[in-house]
Structure formats: C-alpha cells, structure tokens
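Okay, everyone, thanks for coming. Let's bring the model up on the screen and walk through it together.

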Amino acid sequence: MKEADATARVQRLRRIGIALAVAAALIGFFWALPEPGDERLAPPAPGFVVRDVRLFDGERVVERATVVVRAGRIVEAGPGGAEPSDLQVVDGSGRTLLPGLIDAHVHTWGDALAETLNFGVTTVLDMFSDPGPARELRRSRASFAPRTHADLFSAGWLATAPRGHGTQFGLPVPTLSTPDEAPAWVDARLAEGSDYIKIVYEPRDANGLGAPFPSLDRATMAALVAAAQARGRLAVVHVSRLVAAHDALEAHADGLVHVHADRVADAALVQLARERGAFVTPTLAVIAGFDPTLPATAGEARENQRLAADPAVRPYLTPDQRRGLETSPGTKLVMFRLDTALASVRALHAGGVEILAGSDAPNPGTAHGASLHHELELLVRAGLTPTEALRAATSAPARRYGLADRGRIAPGQRADLLLVVGDPTTNIRATRAIERIWKNGAAVERRRYPEAP
Ligand SMILES: [Zn+2]
C-alpha cells in the first residue's frame, strides 16, 4: 500500500513537472514573438505594377487586370488601365492576384506570425493568446512599413469557466462563473486591448454527455455576449455540439468559431443562424486533424499528412510544422467527425449562412499558414465554390471583423497581396502555387527549410 502511495506520488510529481515544462515552453514562445518596433521606422516600399493578371479582388474575378501599388497601398485595380512608367512591372499572365489571405481562427504562440506570412496569410484573427505580446503588435499593424510577419487581431484571454477549456495550458486565464461577473470581465479584456470577445461554451447535454471539463453556463455565456455587444465589440463562441451552437445563436452571438461536429446541422439551426445574421468559422482543418475515424497509418495518409507531403507546401514548413502536421492527435471525442462537419457546413452554406475560413493552427495536425490552404480545399469539398471559399478568407472576415483596410484589392486598400500560378477561382489548390507575397506593398522573401538528407 505504502509502495503504491509512493508510486502515485512520484507519478503526480512527474505530471506536475510536465505541466510546468509545458507552461515554461509557452512562456518562452511568448517572449520569442517578433519585435516589430524597428519595422515602424522603415519607409514604405516605393511600388510596382502587376499587369495582364487574373484579379480576384476579394469579391469577384476580373480577367486581364492591372494593379498599381504605391507606398504600401493599392492605388489602381481593374481591367486594362495605364501603366505608370516609373514603377517596376510584374508580368501577371497565367497568374492570379489575390488579397493577402486572412486566417479567421489561430492562436499565435511562438513564431506564428512569420510562419503565417510565409504562406501568403497576411492577417490573422487570434482566438486566445496572452494579451501582453499582442499589445505592441496591435500598434504596429497600423503601419504601412515593410513587415516580416502577418498582422495580428486578437481576443486576448478567452472567457471560460474555472478549470474549463483554455485553462489546461498553465496560463493565468482569468475565469468567471456567473452572469454578474460578465460586464467587468469584458471591461478588463477591453482594457487589455482585446479586439473582440471569444467565449468557450461546452455544456453537457441532458444525458450528461459533452466535453470532459467544466463550462460556463448558458446565462453566463449570454451575459458575456450582451456585455461585449453593449461595448460595440463582436462576441464569438467556441462550440463543439449542436445544442451549444443553438444556445449561442439564441443568445445573439455574432459568430461561431467552430462548426459543431457531433450531429449534422438541422433545419432549425440553419434557420436561426440565417435569421440572426451570424457567421460560422468551421475550422475543418483542425477537425480533420483530430478525427479518429480517418486513416492514421502509413499507406493511407491522413488529410494533414497529405498537406505536409504536398511539394508546393513542404519546402516552406519549418521542421516543427512538419512534425505538427504529421502527428495524429488521436481522440475518441465524437465532436471531431470531419464527415459530419462537412455536412453541416454544406447545410449552413446552402441556407445562406456566411462561412469564414479559419484553421485553428497550431493545434496538433495543423500548421500556421499552410493549414489555411487546406481549409480552403475543405470548404470547397463542403460545397462552396472556389470563389466563395476565397471570399471566406479575404473580404468576408475583413467585413465581419471591421478590418476596413484589407481583404480586398481596391484603391486605398493596404497592399497585402498574393500572386499564384494558375487559377484558384476554378481550382482551389492553386492557392498553394505561390509565386510572390507582398505585405504592405513590400515583397516578402519566402523562407525555405531544407530537410536533412
Ligand atoms: Zn482555437
């Protein structure tokens, strides 16, 4: 008995040690976030012209367009058009020019913003991270100077119950338990600089089934939504089950930042989402990574492993990203069923509910930047046309989250641009054939990571 006690104590200490190591690693990642200060001093890049290019302007396609960029901004975009003689010319024939992509669901630990930009994703919407490092990045995102990383918009800390989802990483997440606490909780986030409010809502159903951790109750979730909106901010909700999605929409959430995957969306949910004008960011890429029913062994590669093997993607993944994509998280949770999630997105989209593209990187089975290209492919599999999928990663998230200077290629917009070979408006996988990336009108040098022989 004593021996068993001692063994249990050792095991407990070991578990605490592992938890501390994970927390320390996360804190290290935060400190490693890029320092954008010196970039603000750099002048904007002079400019260039892209001619004879197929243009996807964030909404629609223009064949044979000319796009003129000066000092970090787009000054002209449309069919034909004069070519200023003082600017460098880029031949766009056989290519498509897109707005820099927006990933509407990420978590920005570590080198996330550089890894993201390496795949043409020029803006990310973070759905939970430490608000400290975000403060400086939030200031620098207004700059038009050349950048080496994507721009960050962030929820900061997420709203969750004590010991709820989001607290397992050892970070000092401020939790709450009652509706009365909601206004002060939201005020504290806005004081920290949160751009919007992200709420985790994972209630058990009537049979006691659900996530294996505590959740905010329905009234507290609804009070958080109301408090955010009363202060002019979006309230978005993490759900994984149909019943939770329904509750969140009933509470007037602006958007759901996962599609539930326990059951296919029913007509009542689709109707409610449409009536409320809510959007859904399904994060199919992370669901594909976690789905326990998808092949997990060699021979039949998983979705995420096929992404890592894609020759258009692989050279640009860091060794850590390759490892992340090649892991099979393996879970028995029913909420991670890709076929069910795809069917729900199909029903929501057909019912007129706006879909946004988000990857939930860097969860296991995903990688910053790369997984947004995977998400686009999955959205097309769920019934969006390639052009609709591209809108879901450009103009739609910009409009929904109030990012007025990006998401479209139009005069006055920030010159965040992606030039790809081929036509992603007919073959979505062409978004991976990246030839050039510009952030604030300055060419981004893509980083390659050769593999050891
Ligand atoms: Zn997430």
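Let's begin at the start of helix α3, where a side-chain oxygen of Asp130 comes to within 2.6 Å of the backbone nitrogen of Gly132. Before I go on, a word on the ground rules: this is a predicted model, where local features need pLDDT of at least 70 and side-chain atom pairs count only at pLDDT 80 or more, while totals for chains, interfaces and linings use all residues. Residues are numbered from 1 along each chain as its sequence is written, and side-chain values use heavy atoms, with hydrogens and water left out.

Of its 453 residues, 55% count as buried. Looking at contacts with a separation of 6 or more, 69% are between residues 24 or more positions apart.

Two strands pair if DSSP finds at least two bridges between them. Strand β1 (residues 47–56) and strand β2 (residues 61–70) run antiparallel, joined by seven bridges, and Gly47 has Arg70 as its bridge partner in β2. The two make a hairpin with four residues between them, and Gly58 in that turn has a positive phi of about 105°.

Then β2 goes on to pair with β3 (residues 73–79), again antiparallel, through six bridges. Val69 is partnered by Ile74 in β3. This hairpin has two residues between the strands. Ala71, in the loop between β2 and β3, has a positive phi of about 50° although it is not a glycine. As background, most residues other than glycine have a negative phi, and most peptide bonds are trans. Is Ala71 buried, partly exposed or exposed? Partly exposed, because its relative accessibility is 39%.

Arg163 sits in the loop between β8 and α4, and counts as exposed because its relative accessibility is 65%. And for the peptide bonds, there's a cis one joining Ala361 and Pro362, with omega about 5°; Pro362 lies in the loop between β13 and α12.

That brings us to the sheet with β13 in it. Five strands form an open sheet with parallel pairing, in the order β9-β10-β11-β12-β13. The edges are β9 (197–200) and β13 (354–355), each pairing on one side only. Inside that sheet, β10 (residues 235–238) and β11 (residues 255–256) pair over two bridges, and Val237 stands opposite Leu256 in β11.

Thr425 is in the loop between β14 (417–421) and β15 (434–439). Thr425 counts as buried because its relative accessibility is 11%. Its side chain makes a 2.4 Å polar contact with that of Asp423; a polar contact is a pair of N or O atoms within 3.5 Å, where within protein one must be able to donate a hydrogen and the other to accept it, and residues adjacent in sequence count only if both atoms are side-chain atoms. Not counting residues up to four places away in sequence, Thr425 touches Arg54, Phe56, Val61, Pro386, Thr387 and Leu390.

The other one is Arg381, in helix α12 (residues 370–381). Arg381 is partly exposed, because its relative accessible area is 35%. Leaving aside neighbours within four places in sequence, Arg381 is in contact with Glu303, Leu338, Leu342 and Arg346. Arg381 and Arg346 are 35 residues apart along the chain, with 8.7 Å between their C-alpha atoms.

That's my tour, so over to you for questions.

Conventions:
Buried means under 20% relative accessible area, exposed over 50%, partly exposed in between (1.4 Å probe, protein chains only). Contact means heavy atoms within 4.5 Å.
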